[in-house]
Amino acid sequence: MSEFLSQGGYGFYVWSSFAVSAAAVGFMIAFTLCAWRKAKRALAALQDSETNF
Amino acid sequence: MTSFLALLFRDIRLAVRAGGGAALALAFFAAVVTLVPLGVGADLRLLSRIAGGVLWVAAVLAALLSLDRLFQADYEDGSLDLIVLSPLQLEATAVAKIGAHWLATGLPLTALSALLAVLFDLSQAGTGALVLSLLIGTPAVSAIGAIGAALTLSIRRGGLILPLIVLPLLAPAVIFGSGAVLAAQDGLASGALYLLTAFSLLCVLLSPFAVAASVRLNLAT
Amino acid sequence: MSIFELANPKRFMQVSAVFLPWIAAAAAVTLAAGLVLGFAVPPDYQQGTTVRIMFLHVPAAWTAMMAYGLMAVASAIGLINRHPLADVAAKAAAPLGAVFTALGLVTGSLWGKPMWGAWWVWDGRLTSFLLLLFLYLGYIALGGAIEDENRSARACAILAIVGAVNLPIIEFSVDWWTTLHQGESILRKGGPLIAPVFLWPLFLMALGYTLLFFALWLVRIRTEIVNRRARTLTMARAT
């Protein structure tokens, strides 16, 4: 296990690359989905108020 | 043709009179170049080594400084609408604007660079290559810069975005220009000046179309 | 009423809603498989375990370049055909492309430190990638600074096309420059030949990143369409 973590001495570089990539991909997904939900909600609110008239 | 020349001379007059950008760009060029030895030390061997790069980068920055008003001033006081309405093709207008900017800024910068090269102990061959490369390369700076200026003409703080847009596109000019100086200093034959000429020609030929399209979209309602 | 609601976007929303879950699922599966395979490969005899960084670095770089290409194509279509959907697509690709470019740079740097002994080397590819990042940032800044939707899209399209014309020249000049300023000889990343065991995880990760990009791109386009619909509704309400 510790051998896997150390990655033959390059653990820091290998794992930081993975961490950075995971963070970037996670950020893109989270940001994109957040914007999508917000847009959906805003449109739904607009359309609701339409029917209220 | 007469309206083309009229526009060219009008722009040069506006640039060189007091408050126009040309003199300020030259002063900026000299000031930046003077700061470099203060930053990196007075070792003349080091300075002559980096002279080409420093002078090229400073020249590009100085040219950019005067570019953001290239269309913006005319846009704000409404004269751009009149220029667009005039019988002169918008592409030709772009050529006149680029030419005026080069004559008022690029050419004086080139001349001043020979003087500033002395501060860096640049060899005679190096100075020759520097002046020649700036003479060939500054039209590309004006041409690419004009695209950036036209794209940002309606943005209030356009001067801040302009460098970000234009500088990466000018990387080839800086590389070939300073490369030519370095090669000349070392007495090496290099194709840098030919490559710079090709780049400059391409920019000058193509950019009027991009400039015209950018002006058009900014004036369309 | 904008032409936006009459033209294809409605159809785009329907079609993309069908494909999106599949693309997203395929991205998740290929990325997971690529990661598992990537850790299963033996360490490279020259680069050791750092070869695993390649599986993250190279696909990110490829995706970043593909994103710029797609952005330029969408920009050209938007500019020539005046198709709003193409405008939206071009603008939606830029932030994703910028993140992939930055990711390629950071992982490249993390690969360079153990291999080259420096976080940054003025290598041709790294340098042109840094310039690509600036092109992306300039594009995003320009798009954000122009308020008018139409103007902003067309200005961005011109910039994207100018950048696409210039990119090969930048690449060439940077390559020329690195041969001029030859540093001490460095171990070439990746090497000329990649052993087949490394090809599979590389291929899977590249496919995974590409699919991920497409999935996120579609969601971003859909988001902008919804936003525009909301905007036209508010505008119609106001008058």
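## Basis of the model

The model is predicted: local features need pLDDT of at least 70, side-chain atom pairs count only at pLDDT 80 or more, and totals for chains, interfaces and linings use all residues. Residues are numbered from 1 along each chain as its sequence is written, while chains are lettered from A and ligands numbered from 1 in the order in which they are written.

## Chain B overall

Chain B has 10 helices and 0 strands. Helices here are DSSP runs of H or I with at least four residues, strands are runs of E with at least two, and both are numbered from the N terminus. Chain B has a radius of gyration of 18 Å, close to the 17 Å that the globule rule gives for 221 residues, so it is as compact as a globular protein of that length. The radius is taken over C-alpha atoms, and the rule is 2.2 Å times the number of residues to the power 0.38. The C-alpha trace of chain B spans about 55 × 30 × 30 Å along its principal axes.

Of the 221 residues of chain B, 54% count as buried. A residue is buried if 20 or more other C-beta atoms lie within 10 Å of its own, exposed if 12 or fewer, and partly exposed in between, with C-beta atoms placed from the backbone. Among contacts in chain B with a separation of 6 or more, 82% join residues 24 or more positions apart. Two residues are in contact if their C-beta atoms, placed from the backbone, lie within 7 Å.

## Where chain B meets chain C

In this interface, 22 residues of chain B are in contact with 24 residues of chain C. On the chain B side, helix 7 (124-151), helix 8 (158-169), helix 9 (171-185) and helix 10 (192-219) each supply at least two residues. That side holds 17 nonpolar, 5 polar and no charged residues. Ala, Val, Leu, Ile, Met, Phe, Trp, Tyr, Cys and Pro count as nonpolar, Asp, Glu, Lys and Arg as charged, and the others, Gly among them, as polar.

## Two domains in chain C

Chain C is assigned domain 1 (1-41 + 198-239) and domain 2 (68-183). The bounds come from an automatic or database domain assignment. The domain centres, taken over C-alpha atoms, are 20 Å apart. Their contact takes 13 residues from domain 1 and 7 residues from domain 2 of chain C.

On the domain 1 side, helix 1 (9-40) and helix 6 (196-238) of chain C each supply at least two residues. Helix 6 of chain C gives the most, with 7 residues. By class, the domain 1 side has 10 nonpolar, 1 polar and 2 charged residues.

## Helix 1 of chain C

Helix 1 of chain C has 32 residues and reaches 44 Å from its first C-alpha to its last, close to the 46 Å expected. The expected span is 1.5 Å times one less than the number of residues. A kink of about 35° lies at F19(C), shortly before the proline P21(C). The bend is the angle between axes fitted to the seven residues ending at a residue and the seven starting there.

Buried residues of this helix include I23(C), A27(C), T30(C) and G34(C). An α-helix has 3.6 residues a turn, so residues three or four places apart point the same way. The cover over the buried residues of helix 1 includes helix 2 (51-81), helix 3 (84-116) and helix 6 of chain C.

## Two loop residues with positive phi

D121(B) has phi near 55°, a positive value in a residue other than glycine. D121(B) is in the loop between helix 6 (90-117) and helix 7 of chain B. With 15 other C-beta atoms within 10 Å, D121(B) is partly exposed.

R82(C) also has phi near 55°. R82(C) lies in the loop between helix 2 and helix 3 of chain C. R82(C) counts as partly exposed, with 13 C-beta neighbours inside 10 Å.
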